[in-house]
Amino acid sequence: MTATPLVENVWVLHRTGQRCPGRRIGEVVAYDARLLPEYQVAGRPTVDRSFLLLDQGIQLTRPVAFEGPVEGWWYIDLVEVEPTEAGLVVHDLYVDFLVPPGADRYHVLDLDELADALCRGQITAAQCATVLRRTQRFVDRHLRANEEGSVGPPHRFPPADVAVLESLPCFFE
């Protein structure tokens with residue numbers, strides 16, 4: 001008999017200023033954010049569900065506004081999550097990924113933004129090194145193909161707790 005995971009209610013402070021309702025199972029948080037009008041697509045849902053992998057500093061979103069060849073793709077942000085009394089605050093760490101269903105390939109985005117932040121003094125060399133290490137760990141853990149050689153135990157993408165939280169009804173209801 002499999003135990004039902006403990007689901008905890010949480011709040012996440014979104015970069016848009018929204019205080020978003022969410023649920024947590026262990027080291028995974030799911031939260032719902034309403035799309036700002038300028039990002040809404042006619043006839044499409046207006047709420048995105050994002051997932052925070054707290055122990056990895058990763059945020060995953062399958063944006064509802066993605067259409068055409070990128071529909072159903074995951075958008076992954078490297079992040080730092082700061083717990084506060086008002087909720088979890090998510091800080092973007094510049095590097096992003098686009099990952100299609102099946103995770104058979106991926107695109108790394110915004111390395112130039114990371115470099116610009118370093119050059120402008122917005123982050124330290126140590127913070128930049130942390131982001132680069134976290135980027136490599138994410139690739140090794142979730143995106144590296146079997147034929148590329150093992151770098152540790154295989155992990156499912158997205159993690160199993162994401163699927164559990166993804167199946168829950170909208171948190172705004």
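This is a predicted model: local features need pLDDT of at least 70, side-chain atom pairs count only at pLDDT 80 or more; totals for chains, interfaces and linings use all residues.
Glutamate 166 is partly exposed, because its relative accessible area is 34%.

Which residue does glutamate 166 form a salt bridge with? The partner is arginine 62, and the closest N and O atoms are 3.2 Å apart. Glutamate 166 sits in helix 3, residues 160-166, while arginine 62 is in the loop between strand 5 and strand 6, so the pair ties together parts that are 104 residues apart in sequence. Arginine 62 is also partly exposed, with a relative accessible area of 33%.

How many salt bridges does a search of the whole structure find? The search finds 4. I will go through two others.

One of them joins arginine 44 and glutamate 71, with 3.2 Å between the closest N and O atoms. Arginine 44 is in the loop between strand 3 and strand 4, and glutamate 71 is in the loop between strand 5 (58-61) and strand 6 (74-84), so this pair ties together parts 27 residues apart in sequence. As for accessibility, arginine 44 has a relative accessible area of 23% and counts as partly exposed. Glutamate 71, at 44%, is partly exposed too.

The other joins arginine 49 and aspartate 32, and here the closest N and O atoms are 2.7 Å apart. This pair links distant parts of the chain: arginine 49 belongs to strand 4 (residues 47-53), aspartate 32 belongs to strand 3 (residues 28-34), and the two are 17 residues apart. Are these two residues buried or exposed? Both arginine 49 and aspartate 32 are buried.

Aspartate 32 comes up again with another arginine. Arginine 23, in strand 2 (residues 19-25), is buried but has no salt bridge. Which side chain of opposite charge is nearest to arginine 23? That is aspartate 32, at 7.4 Å. The cut-off for a salt bridge is a nitrogen of Lys or Arg within 4 Å of a carboxyl oxygen of Asp or Glu. What arginine 23 does have is a polar contact, side chain to side chain, with asparagine 9 at 3.0 Å.

Now the surface, starting with charge. Asp92, Asp112, Glu113 and Asp116 gather there in a patch of negative charge. Which element gives the largest share of this negative patch? Helix 1, residues 111-119, does, with 3 residues. Aspartate 112, for example, lies in helix 1.

There is a nonpolar surface patch as well. Tyr106, Val108, Leu111 and Leu132 make it, and its area is about 320 Å². Tyrosine 106 is located in the loop between strand 7 and strand 8. Its relative accessible area is 32%, so tyrosine 106 is partly exposed.

The loop between strand 7 (87-99) and strand 8 (107-109) also holds aspartate 104. Why does aspartate 104 count as exposed? Because its relative accessibility is 63%, and the cut-off for exposed is over 50%. Aspartate 104 and arginine 144 are 40 residues apart along the chain, yet their C-alpha atoms are separated by 8.7 Å.

A second pair of that kind involves leucine 168. Leucine 168 is in the segment after helix 3, and it is partly exposed, with a relative accessible area of 30%. How far apart are leucine 168 and alanine 30 in sequence, and how far in space? In sequence they are 138 residues apart; in space, C-alpha to C-alpha, they are 9.4 Å apart.

Last, the backbone. Tyrosine 94 is not a glycine, yet it has a positive phi of about 80°. Where is tyrosine 94 found? It is in strand 7. With a relative accessible area of 19%, tyrosine 94 is buried, because buried means under 20%. Aspartate 110 is also not a glycine and has a positive phi, of about 70°. Aspartate 110 lies in the loop between strand 8 and helix 1.

To recap two points before discussion. The negative patch takes its largest share from helix 1. That is what I have.

Notes: Residues are numbered from 1 along each chain as its sequence is written. Side-chain values use heavy atoms; hydrogens and water are left out. Patches are made of residues with over 30% relative accessible area and no salt bridge: like charges are joined within 9 Å, nonpolar side chains (Val, Leu, Ile, Met, Phe, Trp, Tyr) within 5 Å. Accessible areas come from the Shrake-Rupley method with a 1.4 Å probe; for residues, only the protein chains shown count as cover. Lys and Arg count as positive and Asp and Glu as negative; His and the chain ends are not counted. The place of a charge is taken as NZ of Lys, CZ of Arg, CG of Asp or CD of Glu. Helices (H or I, at least four residues) and strands (E, at least two) are DSSP runs, numbered from the N terminus. Buried means under 20% relative accessible area, exposed over 50%, partly exposed in between (1.4 Å probe, protein chains only). A polar contact is a pair of N or O atoms within 3.5 Å; within protein, one must be able to donate a hydrogen and the other to accept it, and residues adjacent in sequence count only if both atoms are side-chain atoms.
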